[in-house]
Amino acid sequence: MTQYVPKRGLRSGHVMTMYCWGRPRRFSRLPQPSVRHFDVEPGARVLAHCYWQADAPSHPALLALHGLEGSSTAHYMRGLADKAYARGFNVILLNQRNCGGTEALSEGLYHSGLTADAAHVIDEIGREGIDRVIVAGYSLGGNLALKLAGDYGDSPPSSLKGVCAVSPVMELAQCVGALERKQNFVYQWNFVRGLKARMRRKSAAYPGRFPIERLTEVRTVRQFDEFFTAPHFGFNGATDYYHRASAMRVIDRIGVPALIITAEDDPFVPIGSFRDPRLAANPHITLIVTRHGGHCGFVSDSTGADDGYWAERQIVDFAEKAIS
């Protein structure tokens, strides 16, 4: 692993996070993706944008999972695809249910611990001959990647060679609490705006199924989860949902190589959970904690062909070693 050095002027976690959210990126060498739908359960279809190598079964696959209110078109998803595809991977950029403009494709919602969809994709492409898979996720997707591996425990599919998580919200209650700090108002506002807009689109696709009138009460992610996510999935409120959906509940059960990257200056993923002794006690986990990097940032100064997106490079390096 190479040492991370932040891009000049981006040593603030907030500045790094906002810079990466707003900076446009182009991927001229990345071909147009193939569109594929996975029917993950009755009444639930998810959209993926896929980059297949010629003779796909002879190549490994990288399955990428986005963060809260993200999609397969998020810059980090496409940046990861660009690097992995160039190094011989099939790449599957998977949208969570209802994300990427797919509200009409699934009857229900999604949540931060819903690992069944990724597991379904691994099984389905496995039946097509792709027998080496790495799962990589950012933020909420990072929690999903780690929880997926933990849910498998000592019986993962033989095709799952490793998981990676960047800025994972693996202790959800702590992260939601951090979002409620005054200095994190802009992140909370952005997430809530997206969640409410998506819920309105969802209600338009499935009239009368959701208590849309409660959206006027929603000011925080916690309130959204209390009124919508938790009851929809049968959790006993948001607190119960956060506890049961967090990867920390199963972190000690991870039995495949796992890479976790996080930053001490992440605005809303507190560093404390990464110091939990259960991580250090699991020999399958490699934990990298950097001083700087923000949330899903980790940009360094670009040099030549290197665009400076350090975490994406670490994921692909890890993936290559894990499949060898």
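Predicted model: local features only at pLDDT ≥ 70, side-chain atom pairs only at ≥ 80, totals over all residues.
Strands β5 (residues 133-138) and β6 (residues 160-166) run parallel and are joined by six bridges. Strands and helices here are DSSP runs numbered from the N terminus, with E over at least two residues for strands and H or I over at least four for helices.

Residues count from 1 along each chain as its sequence is written, and side-chain values use heavy atoms, leaving out hydrogens and water.

Zooming out, eight strands make an open, mixed sheet ordered β1-β2-β4-β3-β5-β6-β7-β8; two strands pair if DSSP finds at least two bridges between them. At the edges sit β1 (34-41) and β8 (285-290), each pairing on one side only.

Angles run from 0 to 180 degrees between N-to-C directions, using axes fitted to C-alpha atoms, for helices over the stretch in contact.

| Helix | Strands | Angle |
|---|---|---|
| α2 | lies across β2, β3, β4, β5 | about 170° to β4 |
| α3 (residues 116-127) | touches β1, β2, β3, β4, β5, β6 | about 115° with β1 |

Helix α2 (residues 75-86) also packs with α10 (residues 310-323), at about 45° and with axes 9 Å apart. The contact involves His-75, Tyr-76, Gly-79, Leu-80, Lys-83 and Ala-84 of α2, plus Glu-312, Arg-313, Ile-315 and Val-316 of α10.

Note on methods
Contact = heavy atoms within 4.5 Å.
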